Amino acid sequence: MRQRKSKPNQPLTGKQRVARSGATVGLLISILLGSSFLYQTLAEARDRRAYPPPGQFVDVGGYRLHLQVMGADQPGPTVLLEHGAGSTASQWGWIQSEVAQFARVVTYDRPGLGYSEAPPAPLTPAQFNADLLTALMKLGIHGPYIVGGHSMGGLFALAFAQAHPNDVAGVVLIDALTTDNATFVREVFNITTTTNSGAPLFERIGPQFARFGLMRFSQQKEMYVQQLPAQQAGEFRAALASYHQWAGISADLKLADQHAAFPQHQQLQNIPLRILSSGAADNDINAEERQRFIALQARALPLSAHAEQQVINEADHYSIVTQRESALSVVSAIRQLVTATRGAGA
């Protein structure tokens with residue numbers, strides 16, 4: 001029987017080569033993304049085991065806030081601390097432990113950040129302030145409160161004081177924003193932006209980068225994270241690498257801008273206000289911008305008839321809370337308000 005001769009291999013056409021190359025690249029990308037996703041999933045599981053929630057969860061109706069209370073046996077007032085944008089309660093590692101030596105101090109993660117759950121629907125400032133007060137009440141923590149806020153957390157501190165003026169005995173703004181993000185960017189960096197928070201960028205990019213481990217490798221703000229006590233540094237590092245944290249940042253920025261729209265005037269006039277401004281430049285704010293930021297913070301002085309501003313020259317925007325020596329200046333300001341409140345018999 002005669003055998004059929006096999007046809008010689010036909011050379012690939014240009015289109016076929018492009019198609020084969022595309023398929024190979026697509027396969028490699030799929031493998032890379034799948035591996036990255038798996039790595040991130042396993043790494044987040046490892047982080048949860050290494051850094052379980054240090055505080056307690058409180059259901060405020062549809063979601064749970066994570067709060068940590070220290071110095072519970074100390075007499076009033078209670079110190080309530082608001083962390084900065086994209087941050088968590090772990091940033092207060094030095095300050096909370098020091099304040100707990102003379103006052104009850106509460107730190108918490110805002111909705112969708114750190115260990116706190118995201119709400120089922122976007123919050124308004126009124127809803128959020130009511131939820132936070134509900135959480136405090138459920139823990140049996142009543143006023144008066146000394147409210148402190150760092151960076152964007154200053155907006156939340158001011159809004160809480162305005163929402164509950166009869167329960168707040170003092171406010172400490174720690175290198176804080178007192179305006180919406182768009183005004184801050186325009187006044188400090190001389191950049192005009194059409195949106196307040198830039199939230200759409202975070203919505204599209206940040207969470208997806210985190211989902212595939214890119215935020216873990218970027219080591220966000222590591223030079224400051226490592227200044228914290230070891231436990232809080234680990235918690236903070238894990239949060240900054242997580243999908244949950246980056247998915248929550250956008251809503252937090254939008255909520256902050258809504259808080260900035262609150263009319264912060266007569267309700268705060270009789271509440272002592274301390275403005276602590278960082279004096280040093282850093283990688284994000286140069287020396288000239290730093291002076292503009294200090295001036296912008298000074299505009300908040302008329303909010304209270306009992307307001308003072310202090311510049312902490314050796315601290316920059318982040319080290320004012322993460323570096324122990326600078327953090328002690330914050331502790332000192334809080335102590336003064338606590339002492340004054342006790343002296344007034346509040």
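# A tour of pockets and rings

Start with the largest pocket, which has a volume of about 890 Å³. This is a predicted model: local features need pLDDT of at least 70, side-chain atom pairs count only at pLDDT 80 or more, and totals for chains, interfaces and linings use all residues. Residues are numbered from 1 along each chain as its sequence is written, and side-chain values use heavy atoms, with hydrogens and water left out.

A pocket is an open set of points on a 1 Å grid over the protein atoms alone, where a 1.4 Å probe fits, with protein on both sides within 12 Å along at least five of seven lines. Lining residues have an atom within 4 Å of a point. Grid points are joined across faces, edges and corners, and the volume is the space filled by probe spheres set on them.

**Stop 1: the largest pocket**

Select A85, G86, S151, K221 and Y318. Of the 31 lining residues, these lie nearest the centre of the largest pocket. Next, colour α5 (181-189), which gives the most to this lining, with four residues. Helices are DSSP runs (H or I, at least four residues), and strands are too (E, at least two), numbered from the N terminus. The lining of the largest pocket divides into 17 nonpolar, twelve polar and two charged residues. Here Ala, Val, Leu, Ile, Met, Phe, Trp, Tyr, Cys and Pro count as nonpolar, Asp, Glu, Lys and Arg as charged, and the others, Gly among them, as polar.

**Stop 2: the second largest pocket**

Select R48, G114, Y115, S242 and H244. They lie nearest the centre of the second largest pocket, which is lined by 20 residues. Its volume is about 420 Å³. Its lining holds six nonpolar, seven polar and seven charged residues.

**Stop 3: the rings**

How many aromatic pairs does the structure hold? There are six. Rings of Phe, Tyr and Trp (its six-membered ring) pair if their centres lie within 6.5 Å; planes under 30 degrees apart count as stacked, over 60 as edge-to-face and the rest as tilted.

Show Y224 and Y318. Their ring centres are 4.8 Å apart and their planes are at 40 degrees, so the pair is tilted. Y224 lies in helix α9 and Y318 in the loop between β8 (307-312) and α13, so the pair ties together parts 94 residues apart in sequence.

Now show Y108, F128 and F156, which form one aromatic cluster.
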